[in-house]
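Here is a guided walk through a two-chain model, written to be read alongside the structure. Keep the viewer open and follow the headings in turn.

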Amino acid sequence: MATPLKNRHLAGWLLASPMAFVLLCFLVLPIVMIVVVSFWGATEFSIYPAFQFDNYEFLLTSPVTYSVFLNTFKYALVTWAFTLVIGFTVAYFLAFHVRSLTWQVALFLLCTIPFWTSNIIRMISWIPFLGRNGLANSTLISWGVIDEPLDWLLFSDFSVILAFVHLYTLFMVVPIFNTMMRIDKSLIEAAYDAGATGFQTLTNVIIPLTKPGIMIGSIFVVTLVMGDFITVRFMSGSQSANVGRLISNDIGLLQYPSAAATAVILLITVLIVIATLLRFVDIRKEL
Amino acid sequence: MEKRSRAFYVLAAFFVLFLLFLYGPIITIGILSFQGPQGGLTFPMNGVSLYWFRDLFQEQAVGDIWGSFRRSFALGLMVMVTTVVVSVMGGLAFRKRFAGSAVLFYLVITSLVIPSILVSLGVGLIFSQSGLDVHWATSGFGSQLTWTLPFGLLIMFAVFNRFDKSYEEAARDQGASPWQTIRHVVLPIIAPSLIGVALFGFTLSYDEFARTLLTAGSYNTLPLEIYGMTTNVTTPVIFALGTLTTAFSFLVIAVFLLTVWAMNRRRARQGSDAGQGMV
């Protein structure tokens with residue numbers, strides 16, 4: 001029959017039309033709007049249509065921009081390193097050391113449940129831990145490790161990174177675990193039979209085969225951290241800045257054109273990072 | 001069974017520490033929300049009471065918590081149903097490998113990786129410049145879909161990658177129409193995964209903050225309300241609220257997981273015994 005084949009494209013688009021419609025209205029148009037507005041001008045109370053490069057000029061000549069972007073990359077890089085090591089270890093344990101499928105599923109779910117709860121609450125919940133009179137400080141003092149409460153535990157880069165790792169390690173565990181579960185166990189047997197040690201098997205067999213999962217996890221973590229503004233604001237006590245905060249500050253001051261220009265630069269940066277990472281993995285094949 | 005290696009115990013210890021790291025803080029505020037009336041935001045406990053929970057139910061000075069909860073719940077259900085329907089349609093569409101599907105796929109990925117605040121800003125700007133009022137059920141709803149739909153679609157990809165096409169062929173061979181094939185063969189088989197998509201749809205919406213920040217309008221959703229509280233509430237009442245909404249999330253997750261479990265059990269019991277007889 002030739003008809004269904006000819007209609008395949010039409011049927012595909014019909015089925016995909018709701019998704020295309022939503023993405024067009026709430027993703028493509030908003031991005032277009034941001035790009036347009038980034039050339040507009042602003043007074044203290046309102047914004048007006050224009051075509052000027054003032055916003056970009058101000059942004060690209062301000063030293064603040066560069067330090068804030070640098071800070072954003074720093075957060076992304078450090079968080080990525082921690083989530084990767086922790087996420088890989090957890091996934092490795094679940095995939096290769098837990099033996100029954102029931103236990104694997106149960107422990108895996110235990111890891112993912114926090115993902116379905118509120119991020120803001122999960123951030124707030126660090127306060128009683130890290131505060132000046134918090135659990136960490138009082139424990140360390142009672143153990144005699146320190147005499148004075150540590151001030152840098154809360155509202156610092158330390159707490160920002162800690163919160164990022166706490167919130168986003170999950171995004172590493174899930175794709176890495178998924179890839180590991182698809183590794184043919186006989187390959188590992190073969191490595192052992194060929195005389196490889198456990199560590200050699202890890203570095204020569206498991207890690208190369210897990211690369212797609214690592215890439216997908218990295219995409220999630222890097223983009224989430226780079227686009228974040230609330231974690232940095234909340235956990236640093238408004239003392240550190242990243243690009244997201246720059247945007248949200250401008251929004252708070254109703255300086256939408258300036259916020260839009262920053263957003264455009266951020267979007268370009270994120271897309272370049274993602275495009276680089278996507279070169280190493282075919283997402284559709286890996287699911 | 002062979003003996004556990006030393007690596008197992010090291011890794012198991014690491015895993016337990018990880019779980020402690022994940023759940024420790026939330027357990028802490030769970031305990032602290034039972035602070036006595038004089039208690040503060042951290043230990044020691046100043047007596048044990050339900051004072052702060054009562055505070056939450058009575059005092060309206062902390063904001064419109066119940067109204068925002070109702071809105072978040074309604075919005076979560078809206079997003080959930082839309083996500084399931086649109087993702088299934090999208091998943092079926094992508095199986096057809098239609099012309100231009102790559103473009104749509106890259107849009108989906110963009111939707112997943114774009115910083116949330118950009119969606120918030122862009123949608124907010126469109127509404128304000130075209131003179132429309134932002135409202136959680138219109139602009140907020142659409143913005144949240146840009147976050148839940150990619151997850152839904154990726155889950156559908158995972159489902160259809162594992163889907164045995166011979167079921168459909170069998171249905172077609174017996175004269176089923178395309179719609180009958182989907183309705184009576186495909187949908188029942190993928191039903192448990194749809195519960196998973198629904199879980200993502202509801203919880204991601206219920207907890208979403210950044211994408212609704214500039215698109216919810218004058219009526220806040222619950223995360224926005226909580227965010228507002230973090231700047232001006234300095235009593236354990238915020239822990240009480242955190243405990244309640246987390247407990248609610250756990251309840252929702254449990255309901256979804258139990259549904260999947262029950263479905264799988266029912267399927268195992270009622271399934272055909274074809275191929276399991278004497279060979």
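## Ground rules

Helices (H or I, at least four residues) and strands (E, at least two) are DSSP runs, numbered from the N terminus. This is a predicted model, in which local features need pLDDT of at least 70, side-chain atom pairs count only at pLDDT 80 or more, and totals for chains, interfaces and linings use all residues. Residues are numbered from 1 along each chain as its sequence is written, while chains are lettered from A and ligands numbered from 1 in the order in which they are written.

Let's begin with H12(A), which is mostly covered, as eight of its 10 residues are buried. A residue is buried if 20 or more other C-beta atoms lie within 10 Å of its own, exposed if 12 or fewer, and partly exposed in between, with C-beta atoms placed from the backbone. The buried residues of H12(A) are A:Val243, A:Gly244, A:Arg245, A:Leu246, A:Ile247, A:Ser248, A:Asp250 and A:Ile251. Their cover includes H3, H10, H11 and H13 of chain A, together with helix H5 (116–129) of chain B.

After H12(A) comes A:Leu254, with a positive phi near 65°. Most residues other than glycine have a negative phi. A:Leu254 sits in the loop between H12 and H13 of chain A. Because 14 other C-beta atoms lie within 10 Å, A:Leu254 is partly exposed.

## Where the two chains meet

Two residues are in contact if their C-beta atoms, placed from the backbone, lie within 7 Å.

## Two domains in chain B

Chain B splits into domain 1 (27–60 + 234–267) and domain 2 (63–232), with bounds that come from an automatic or database domain assignment. The C-alpha centres of domain 1 and domain 2 of chain B are 27 Å apart. Across the boundary, 12 residues of domain 1 of chain B are in contact with 12 residues of domain 2 of chain B. H10(B) gives the most to the domain 1 side, with 11 residues, and that side divides into eight nonpolar, four polar and no charged residues.

Now look at a helix pair in chain B. The axes of H8 (residues 178–207) and H10 (residues 237–270) of chain B come within 9 Å and cross at roughly 175°. Axes are lines fitted to C-alpha atoms, for helices over the stretch in contact, and angles run from 0 to 180 degrees between N-to-C directions. H8(B) is therefore roughly antiparallel to H10(B); angles under 35 degrees count as roughly parallel, over 145 as roughly antiparallel, 65 to 115 as roughly perpendicular and the rest as oblique. Residues making this contact include B:Ile195, B:Leu199 and B:Phe202 of H8(B), with B:Val252, B:Phe256 and B:Met263 of H10(B). The contact residues divide into 11 nonpolar, four polar and no charged.

B:Ser87 lies in helix H3 (residues 65–95) of chain B. B:Ser87 counts as buried because 29 C-beta neighbours fall inside 10 Å. Leaving aside neighbours within four places in sequence, B:Ser87 is in contact with B:Leu149, B:Gly152, B:Leu153, B:Met156 and B:Val197.

B:Arg97 has a phi near 45°, a positive value in a residue other than glycine. Where is B:Arg97 found? B:Arg97 is in the loop between H3 and helix H4 (101–113) of chain B. B:Arg97 is exposed, with 11 other C-beta atoms within 10 Å.

In an unreviewed entry, UniProt lists "transmembrane region" for chain A at residues 12–40, 75–95, 107–129, 152–177, 214–236 and 256–281. UniProt positions are given in the numbering used here, feature names are shortened, and annotations may be inferred rather than shown by experiment. In the model, residues 152–177 of chain A are 81% helix and 0% strand, with end C-alpha atoms 34 Å apart.

For chain B, UniProt lists "domain: ABC transmembrane type-1" (unreviewed entry) at residues 69–262. That span of chain B is 80% helix and 0% strand, and its end C-alpha atoms are 29 Å apart.

Conventions
Nonpolar A, V, L, I, M, F, W, Y, C, P; charged D, E, K, R; others polar.
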